[in-house]
Amino acid sequence: FGAALRNRDYDVEAGDDELVLDRALRALLGTQSLVGPLDNYEINFFSLWLARAYRSKSPLLGFGSEKYPISDKNVYNFYDDGSKRYELDGRLLPGKLDNGE
């Protein structure tokens, strides 16, 4: 999810910055081990405002062309197969279903 945000992958196909991003945010916010227990109204609020921040394209976020550089010297930046953790490299966009939705 972080790689998709960092590289602005939700901007590639029309509509991905709405429905697909919303699905990914809601899945993330619904994971108690990451964010703690949230009520539905809190998940709705946070997903709405985080999506608005993403769509604002503010350079302060460090996404897209303003993304911060990552060192390739550290082994924890790579998966066991050698692919970079901070790039999707053909992996499915978080929130996108296998059928393309």
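**Exercise 1. In which helix does Arg6 lie, and which side chain of opposite charge is nearest to Arg6?**

The model is predicted: local features need pLDDT of at least 70, side-chain atom pairs count only at pLDDT 80 or more, and totals for chains, interfaces and linings use all residues. Residues are numbered from 1 along each chain as its sequence is written, and side-chain values use heavy atoms, with hydrogens and water left out.

Step 1. Arg6 lies in helix α1; helices (H or I, at least four residues) and strands (E, at least two) are DSSP runs, numbered from the N terminus.

Step 2. Arg6 is buried, where buried means under 20% relative accessible area, exposed over 50%, and partly exposed in between (1.4 Å probe, protein chains only).

Step 3. Neighbours within four places in sequence aside, the contacts of Arg6 (heavy atoms within 4.5 Å) include Phe63, Tyr68 and Tyr86.

**Exercise 2. Which residues are linked with Asp11 in a network of salt bridges?**

Step 1. The structure holds six salt bridges. In one of them, Arg8 pairs with Asp11, and the closest N and O atoms are 2.6 Å apart.

Step 2. Arg8 counts as buried at 12% relative accessibility, whereas Asp11 is partly exposed at 30%.

Step 3. Asp11 also forms a salt bridge with Lys57, with 3.6 Å between the closest N and O atoms. This pair links distant parts of the chain, 46 residues apart: Asp11 is in the loop between α1 (2-6) and α2 (16-29), and Lys57 is in the segment after α4 (40-55).

Step 4. The network therefore consists of Arg8, Asp11 and Lys57.

**Exercise 3. Which parts of the chain does the pair of Asp16 and Lys96 tie together?**

Step 1. The side chains of Asp16 and Lys96 meet in a salt bridge, at 3.0 Å from N to O.

Step 2. Asp16 lies in helix α2 and Lys96 in the segment after α4, so the pair ties together parts that are 80 residues apart in sequence.

Step 3. Asp16 is buried, with a relative accessible area of 6%, and Lys96 is buried at 13%.

How values were computed:
A salt bridge is a side-chain nitrogen of Lys or Arg within 4 Å of a carboxyl oxygen of Asp or Glu. Lys and Arg count as positive and Asp and Glu as negative; His and the chain ends are not counted.
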